[in-house]
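Good morning, and thank you for joining. I shall present one structure, beginning with a domain annotation and ending with some backbone details.

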Amino acid sequence: MALVKADLDLCQGYANCVVAADDVFDLDDDGLVVVLRKEVSGSEMDRISDAARSCPVAALRVETP
Amino acid sequence: MSPVTVIVGSSVGGVRTAQALRSRGYAGDVVLVGEETVAPYDKPPLSKGVLAGTSTGDDITLLTESAARDAGIRLLLGRAATRLDVAGHRVELADGEQLRYDDVVLATGAQARPSPWGAPPGLHVLRTLADATTLARDLRRGGPLVVIGAGFVGAEVAATARGLGVRDVTLVDPAPAPMSRVLDPAVAGWFARLHAEHGVTTRFGVGVDGVEQVEDGLVVRLGDGTPLPAATVVVGIGAVPNDDWLRTSGLRLDDGVVCDRFSRAADHVHAVGDVARVPHPRRGGLGRAEHWTNAVEQAACVAHNIVRPDAPRVHEPVEYVWSDQYDRTLQLTGHTGGALGHVLVPGPDPERSFAALYAEPDGTFAGAVTVSWPRALVVCRKAAGTMSLEEVRQLVSARRPSARTGAVT
């Protein structure tokens, strides 16, 4: 299990995370990221980590406790 | 002996490949070789925050020494690769050291296309942190600034310079409008007006005959004879792949390293980012994508293919590039440009935001340009190549916030 965290001060609405994992990320009307689901399972880690690393401004983290 | 992956090139494609190998549990050694001595850094901010002085070198670092150590990535910086021995599985560095590999990733990127007018003092290209640092210093002396080439880099430099208060900025391009390779004339014209409104003098449809050094600076001589005095000149006329070091490798080089659809140039030789020329998944033919997101997606794909050679993944990017100019964000996805039919959809604030949707001749949605409207972009990035233009137009229109829709319909 891991936790997804977003820094809204950094987000610029590039949308790479949404394209990579739209079950976890979306954008709101202002173009800022919305984390739809904070907890991700081990089997999803590759995909969600790739999505986080695709953020051009490093606004996303996937933290393992 | 534990397996070794050598990644040549320490920009975003190389760094992300190294990180993705580790996150996929790659158990071998990961060696990341970079020609520059500074820690790996991100390039998009060079024409924006770094020039503007709002981002420092530390802010744009992609991988610190300690982060590399923690991740088990061996960083070899300031070490240019000079030769690849495919049969012998070795990378040779400029100092003669030979690195043995089981898999090698070619991620040497591209360099700014050199100025055809020489490099007199005050003339810049912009590709590296060192380029950005020296240009930022020159811009602080004030203008006049002449930017040759109104592609993304040139347009961003002009916008950033105006933001810095440089008074006399001229943007020159032989094409009739900025970014005309990827924008249709109407949208390109919108950006030309945006630059003019911010005080940039635009000279489109005229080329440059020469740049001369004079007593107190430079003079850019346009094709119609007009002389433009300049303290600083920026030449932004594209990039060329860094594939010279592979001349003796036997790999097929043709405007980059030619790869199969798995981003492989040969067995155990992978390529990522600007240097890789790969088959286009939808339009056929080979192409190089000089875009950040493509490099990051390809890095994840190549890391997978190294860890799971039994089940390789195809690199199937949907083109995506963004550009920040003034307070607007331009985002492009898929196939766009003047040769395609298009419709315009006004955004939540039609004065500031809109989407231009492009169609292939058969009516299939080809791609989009969105301005300051990220929610429309999301729809378009998912739809490229799969829906009709009309379907996408309806979806994008539905993305206008309902409370504000009344103002634009």
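UniProt, in an unreviewed entry, lists residues 6-299 of chain B as "domain: FAD/NAD(P)-binding"; its positions are given in the numbering used here, feature names are shortened, and annotations may be inferred rather than shown by experiment. The model is predicted: local features need pLDDT of at least 70, side-chain atom pairs count only at pLDDT 80 or more, and totals for chains, interfaces and linings use all residues. Residues are numbered from 1 along each chain as its sequence is written, chains are lettered from A and ligands numbered from 1 in the order in which they are written, and side-chain values use heavy atoms, leaving out hydrogens and water.

Residues 6-299 of chain B are 23% helix and 30% strand, where helices (H or I, at least four residues) and strands (E, at least two) are DSSP runs numbered from the N terminus.

Consider strand E2 of chain B, residues 29-34: 5 of its 6 residues are buried, that is, under 20% relative accessible area, with exposed over 50% and partly exposed in between (1.4 Å probe, protein chains only). E2(B) pairs in the parallel sense with strand E1 (residues 4-8) of chain B over 5 bridges; pairing requires at least two DSSP bridges. Here B:Ile7 stands opposite B:Leu32. Strand E3 (residues 73-77) of chain B also runs parallel to E2(B), joined by 5 bridges, and B:Leu32 stands opposite B:Leu75 there.

Finally, the backbone. Most residues other than glycine have a negative phi, and most peptide bonds are trans. The bond from B:Gly143 to B:Pro144, however, is cis, with omega near -10°. A:Ala58 has a positive phi, near 50°.
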